[in-house]
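Subject: Structure handover

Hello,

Here is the structure I promised you. Please open it first, then read my notes below.

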2 protein chains.
Amino acid sequence: MLSKNQIKRIQSLARKKGRRDEGCFIAEGNKLVEDTRAVFECDMLLATRAWIASHPHLTSLPVQEVTEAEMAKVSQLTTPADVLAIYRIPQYRLDVESLKRELVLALDTVQDPGNLGTIVRLADWFGIRHIVCSPETADLYNPKVVQATMGALARVKVYYTSLPQFLAAMGRSRVYGTFLDGSDIYRTPLSETGVIVMGNEGNGISAGLEPYIGNRLHIPSYPVGQPTSESLNVAVAAAITCAEFRRRQTE
Amino acid sequence: MLSKNQIKRIQSLARKKGRRDEGCFIAEGNKLVEDTRAVFECDMLLATRAWIASHPHLTSLPVQEVTEAEMAKVSQLTTPADVLAIYRIPQYRLDVESLKRELVLALDTVQDPGNLGTIVRLADWFGIRHIVCSPETADLYNPKVVQATMGALARVKVYYTSLPQFLAAMGRSRVYGTFLDGSDIYRTPLSETGVIVMGNEGNGISAGLEPYIGNRLHIPSYPVGQPTSESLNVAVAAAITCAEFRRRQTE
């Protein structure tokens, strides 16, 4: 049985302030917990009696049995799951030199939690192990983001830092960005490593970052020159760009 | 000033039953209204005094001035806009023969409104003018979908019909689908026209549709064979697939 204070504490993890104070975040649902429990330090695992009975091998984790009514109180899902993990937020150290040998995403104030979660998931698909975000980007540990990653946050490291400083350290020639006036991505050389910058949902890449971006790319619309939507959703543009970088490498 | 009945009627358009009863849907915000007003028959345009003053050329539309408080009552947005259009839902006739000369998307029970809106927007970007949806797919005229299309619903026709019947009429050799066990999309011939089927968020393409799909594609993860996310978000997969079809045509 959960105490009032425990319930309050878990509910507080839905908010950034609560997560900062507690140093923890939540992940809900059997698949998500299975994908993440080997990676994150588990503070507490809330589970229904049925879930515990069907997972006898998990007894090394700090499991607490809860009723469905208790689960509903602490869940952030419309339909609460059978299991909810409370994990410690990991502290990753950004190592610019090792990132120079990889393909990395940088997010400039991507604000929608669903977009961030989708980007983490597609980064995982394309073997991108590091995402560097401006401090104004949505918080990875927001429960909506965690759920939208579908477990990919266990395999992709996400950092929050000043992008001008990070991009300057990476070097202009290594940095790519997508722009409406960039050069056709399909006719531009793409390197195996580097940083791909994706901009904010409404405003794109901020003007202050442009000096750090040595390679301006554009995803061509079809047919070229016809009236069309003004832009693509940021997760969609990130997906097409990452897919093209990886296609070149396996060509 | 809006009457109680008017407010009730507009609020009812947030629900599918209300839209069916009224034959109308809503679109909110200056950009969305500007993008759509030439295309859809406008039943009523609610606007604040400031918006009306800055749009003197729109007097041919049935404009009704509302206060910000009234707008907040009928708006589906967290931050209500200055303008809200009520449009008649258009009735499009599906013409299989003319669709055989185009690249078309088919959606098999895509349920998330944000995903559907994003797919309509990217279809527009890639010059795809027709999307054929199973009846269980999210409703295009759901306000969340309308807003997520960012105006693209003015340029893309969306139909709801039985997919087995539609795909059978198109012919198996013309139909493509993405599967985890399909052949590498980058190493498979893609035709200029045809149907690309995208599946449900949780279950992919339903087993009942597989007999109608002559071409099974797969978006390769990177590096091939490494553990990764089990799948991509449906809008992301649609984007990469459409981008690749169009890239081939302009190669």
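A residue counts as buried if 20 or more other C-beta atoms lie within 10 Å of its own. Keep that cut-off in mind for what follows. Please note also that this is a predicted model.

**Chain A overall**

Chain A has 251 residues, and 47% of them count as buried. Its secondary structure comes to 10 helices and 10 strands. Along the principal axes, the C-alpha atoms of chain A fill a box of roughly 60 × 40 × 35 Å. Take the contacts in chain A between residues at least 6 apart in sequence: 78% of these join residues at least 24 apart.

**Helix α7 of chain A**

Start with α7(A), residues 113-125. Of its 13 residues, 11 are buried, so the rest of the structure largely encloses this helix. Among the buried ones are Asn115(A), Arg121(A), Asp124(A) and Trp125(A). What do the buried residues of α7(A) pack against? In chain A, they pack against β5, β6, α8, β7 and α10. They also pack against α10 of chain B.

The length of α7(A) checks out too. At 1.5 Å a residue, its 13 residues should span 18 Å. The end C-alpha atoms are 19 Å apart, which agrees. Just after the helix, Gly127(A) takes a positive phi of about 65°.

**How the two chains meet**

In the interface, 28 residues of chain A are in contact with 28 residues of chain B. On the side of chain A that touches chain B, α7 and α10 each supply at least two residues. The most comes from α10(A), with seven residues. By class, this side of chain A has 15 nonpolar, nine polar and four charged residues.

How are the copies related? A rotation of 180° with 0.0 Å of shift along its axis superposes chain A on chain B, with an RMSD of 0.0 Å. That is the relation of a two-fold axis. Of the interface residues of chain A, 100% are also interface residues in chain B, so the copies meet through the same surface.

Now look at α10(B). This helix is mostly covered, with 14 of its 17 residues buried. At 1.5 Å a residue, α10(B) should span 24 Å, and its end C-alpha atoms are 25 Å apart, which agrees.

**A parallel strand pair in chain B**

Strand β6 (residues 130-133) of chain B runs parallel to strand β7 (residues 157-160) of chain B, and four bridges join them. Val132(B) stands opposite Tyr159(B) in β7(B). From β6(B), the chain crosses through helix α8 (residues 143-148) of chain B to β7(B). This β-α-β crossover is right-handed.

**Backbone details to look at**

Which loop holds Met150(B)? Met150(B) lies between α8 and β7 of chain B. It is not a glycine, yet Met150(B) has a positive phi of about 55°. Met150(B) has 21 other C-beta atoms within 10 Å, so it is buried.

Thr109(A) sits in the loop between β5 and α7 of chain A. Its phi is near 65°, a positive value in a residue other than glycine. Thr109(A) is buried, with 21 other C-beta atoms within 10 Å.

Finally, check the cis peptide bonds. In chain A, the bond from Tyr222(A) to Pro223(A) is cis, with omega near -15°. Pro223(A) is found in the loop between β10 and α10 of chain A. In chain B, the bond from Tyr222(B) to Pro223(B) is cis, with omega near -15°.

Best wishes

How values were computed:
Residues numbered from 1 in each chain as written. Chains lettered and ligands numbered in written order. Predicted model: local features only at pLDDT ≥ 70, side-chain atom pairs only at ≥ 80, totals over all residues. Pairing = 2+ DSSP bridges. Right-handed = clockwise from strand over helix to strand, strands pointing away. Expected span 1.5 Å × (residues − 1). Buried ≥ 20, exposed ≤ 12 C-beta atoms within 10 Å, placed from the backbone. Contact = placed C-beta atoms within 7 Å. Nonpolar A, V, L, I, M, F, W, Y, C, P; charged D, E, K, R; others polar. Least-squares fit on C-alpha atoms with pLDDT ≥ 70 in both.
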